[in-house]
Amino acid sequence: MNTPRYAAAAAKLLKQGLPATTVVAGDEARGIATIQRAMFARTRRRRWVMLGGSLAAAAAVSIVGAQLVQWRSRSVVAAAPVAIDVTPSGKGAALARTEGEQQLTARAPIESGQRIDTPADGGAALQFSTGTSLTLAGRTSFRVESQGSTQRFSLQHGELVAHVAKLTNAQRFIVDTPDAEVEVRGTRFRLRVVEQPEACGAGTRTRLEVTEGAVEVRIASQNAISVKAGDVWPTDCSGAADTTQASDAAPPATHAGAASQKHEVRPPASASAPAPTTEAERASALTAQNDLFAEGVAKGRQGDPSGALRAYQDLMSRFPGSPLAENAMVERMRLLAATPDGAAEARRYLKRYPHGFAVGEAKKLLAEP
């Protein structure tokens with residue numbers, strides 16, 4: 001647009017509309033200049049408005065982009081796989097892979113698609129990077145299905161005791177059995193699959209006992225059922241176990257020379273817990289053993305070796321026949337390996353478990369100068 005030309009035309013119109021006596025020399029030039037300044041200012045305001053709109057749009061795009069990146073980051077974190085370490089107990093356990101089976105070693109990592117099988121006198125302890133811990137009894141088949149935001153497992157037969165750490169809103173923890181789906185939000189429970197269906201429980205083989213929190217059970221023929229602490233499911237089943245964990249018959253560890261251990265404050269020796277006789281007592285005993293072992297692992301990771309040693313020793317003293325007793329002694333041996341008491345702990349292990357899974361580790365420790 002030719003601004004001076006339009007300004008001149010406007011001035012001419014103004015001149016024609018005014019009385020001739022009011023027009024003096026220079027008025028036309030001043031009028032044209034005034035109109036030009038007004039039109040220039042108007043154009044400048046339009047440019048600033050357009051620039052401000054562009055900047056606002058760019059800012060909005062930047063904010064949306066940042067939120068998208070943040071959301072993607074949260075999604076990546078939520079989907080990060082949960083690490084699981086497995087340690088055999090009793091007479092050991094086997095890890096089934098696509099290329100065959102192999103005997104589990106201490107702290108062996110397990111991945112999705114792999115299965116753990118335990119013999120009648122064996123077992124395994126699973127420790128999750130989230131803080132969750134599971135204990136598998138003898139005659140158990142347990143498979144890891146997924147380890148992402150949804151942690152899914154399957155229990156084909158046997159028994160497990162679980163202490164599931166609190167989950168976030170985006171996480172799920174599910175255990176499938178041959179005829180049920182068990183989902184938790186953060187709790188303690190015992191789950192079994194009996195070998196033969198019974199008349200009770202509409203013929204289901206799944207047995208659940210909750211000691212803390214709540215667990216949801218889903219089966220095809222019923223709506224979801226919430227089982228709370230202190231309850232069992234199915235409610236009409238006696239719960240008599242046919243997959244009870246066989247006890248390790250090894251005698252309790254001797255405490256000779258305990259006073260010489262400088263890296264441990266040993267609590268007073270406690271009497272061994274009486275053998276449980278009812279299903280509720282067995283579930284409580286397994287939960288206590290699992291908790292003590294998990295406490296030892298947690299203390300060790302927190303840099304508190306004395307606390308870890310106490311927890312492992314407490315487990316061994318209270319439950320000498322526990323499937324986790326050998327694991328506890330091995331963890332003690334590792335914690336004390338770099339101390340003057342490491343050799344003594346290795347000898348104690350070899351005496352109690354001459355055919356244990358960590359015999360080679362103990363002998364190596366004794367052979368070192």
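A residue is called buried when its relative accessible area is under 20%, exposed when that area is over 50%, and partly exposed in between (1.4 Å probe, protein chains only). A93 is buried, with a relative accessible area of 1%. The model is predicted: local features need pLDDT of at least 70, side-chain atom pairs count only at pLDDT 80 or more, and totals for chains, interfaces and linings use all residues. Residues are numbered from 1 along each chain as its sequence is written, and side-chain values use heavy atoms, with hydrogens and water left out.

- A93 lies in the loop between β1 (84-90) and β2 (94-97); helices (H or I, at least four residues) and strands (E, at least two) are DSSP runs numbered from the N terminus.
- Apart from neighbours within four places in sequence, A93 is in contact (heavy atoms within 4.5 Å) with P88, Q102, Q103, L104, I116, D117, T118, P119, G123 and A124.
- A93 and A125 are 32 residues apart in sequence, and their C-alpha atoms are 10.0 Å apart in space.

**Helices α4 and α5**

- Helix α4 (residues 305-318) packs with α5 at an angle of about 150°, their axes being 9 Å apart; axes are lines fitted to C-alpha atoms, for helices over the stretch in contact, and angles run from 0 to 180 degrees between N-to-C directions.
- That angle makes α4 roughly antiparallel to α5, a term for angles over 145 degrees.
- On the α4 side the contact is made by P305, A308, L309, Y312, Q313, L315 and M316, and on the α5 side by A325, A328, M329, E331, R332, L335 and L336.
- By class, this contact of α4 with α5 has 11 nonpolar, one polar and two charged residues; Ala, Val, Leu, Ile, Met, Phe, Trp, Tyr, Cys and Pro count as nonpolar, Asp, Glu, Lys and Arg as charged, and the others, Gly among them, as polar.

**Helices α6 and α7**

- The axes of α6 (residues 342-352) and α7 (residues 359-367) come within 9 Å and cross at roughly 145°.
- G342, A343, A346, R347, Y349 and L350 of α6 meet V359, A362, K363, L365 and L366 of α7.
- Eight nonpolar, one polar and two charged residues make up the contact of α6 with α7.

**The two faces of α7**

- V359, A362 and L365 are the buried residues of α7.
- Seen down the axis of α7, these buried residues fall within an arc of 125°, so they line one face of the helix; the arc is that of the directions from the helix axis to the C-beta atoms.
- The buried residues of α7 pack against α5 (325-336) and α6.
- The face turned away from the buried side of α7 carries the exposed residues G360, K363, K364 and A367.

How values were computed:
Parallel < 35°, antiparallel > 145°, perpendicular 65-115°, else oblique.
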